[in-house]
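Here are my notes for your first look at this structure. Please keep the model open as you read and find each residue as it comes up.

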Amino acid sequence: MLGDKLLKGLNDQMNFEFYAAHSYLAIAAYCSAESYDGFANFFLVQAEEERFHAMKFYDFINALGERATIRELAEPNNEFNSILDAFEKALLQEKDVTKKIYHLSDLALDDREHATINFLKWFIEEQVEEEDMFDSIIHKLKRIDDDSNAFFMLDEEFSKRSFTPKAE
Ligand code: FEO
């Protein structure tokens, strides 16, 4: 049986991952409205990934014989100045997720909850990859600057992105 604080932390993170999916859907909608269909696809796939993350928490909480508590989603940010701005906001969100996962790991370590410590290792690795991916796209977008050909090539590249769940 999990301690109350750790169970609340796992439920908070599950709900935050659902919120992350919601916020990436908002970015996808912005990209679609600007007719950047490849970038829109990139963020639709990202929203699927976040839902996958949320469901990993849902399944884990259930597997421990505890109850997953589904909460209301906050309204995500819908204001973006540019594609670069959207990616910068996405990176900030990922950094926030990383902090939350670290905090959750600290709680699990304090409680010596080894199953939870082990479960969270997947997310620690995942966050390294997510931050690295957003960081590298931001660098590319900055290098591209106002080279519209390179920008449209990147849009084209992202139209091919599809959701592949990361292995355990
Ligand atoms: Fe589930 Fe992108 O963090």
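This is a predicted model: local features need pLDDT of at least 70, side-chain atom pairs count only at pLDDT 80 or more; totals for chains, interfaces and linings use all residues.

**Notes on helix packing and a few residues**

1. Now locate the two helices. The crossing of α2 and α5 is left-handed.

2. Which residues of α2 and α5 make the contact? From α2 come Asp37, Gly38, Phe39, Asn41 and Phe42. From α5 come Phe151, Leu154, Asp155 and Phe158. Sorted by class, the contact has five nonpolar, two polar and two charged residues.

3. Turn to Leu25, which sits in helix α1 (residues 4-33). Is Leu25 buried, exposed or partly exposed? Its relative accessible area is 44%, so Leu25 is partly exposed: buried means under 20%, and exposed means over 50%.

4. What does Leu25 touch? Leaving aside residues up to four places away in sequence, Leu25 touches Leu44 and Ala47. Phe57 is 32 residues from Leu25 along the chain, and their C-alpha atoms are separated by 20 Å.

5. Last, check helix α3 (residues 83-110). This helix has 28 residues and reaches 41 Å from its first C-alpha to its last. That is close to the 40 Å expected at 1.5 Å a residue. After α3 comes Arg112, with a positive phi near 50°.

How values were computed
Residues are numbered from 1 along each chain as its sequence is written. Side-chain values use heavy atoms; hydrogens and water are left out. Helices (H or I, at least four residues) and strands (E, at least two) are DSSP runs, numbered from the N terminus. Buried means under 20% relative accessible area, exposed over 50%, partly exposed in between (1.4 Å probe, protein chains only). Contact means heavy atoms within 4.5 Å. The expected span of a helix is 1.5 Å times one less than its number of residues. A crossing is left-handed if the near helix is turned anticlockwise from the far one by less than a right angle, and right-handed if clockwise. Ala, Val, Leu, Ile, Met, Phe, Trp, Tyr, Cys and Pro count as nonpolar, Asp, Glu, Lys and Arg as charged, and the others, Gly among them, as polar.
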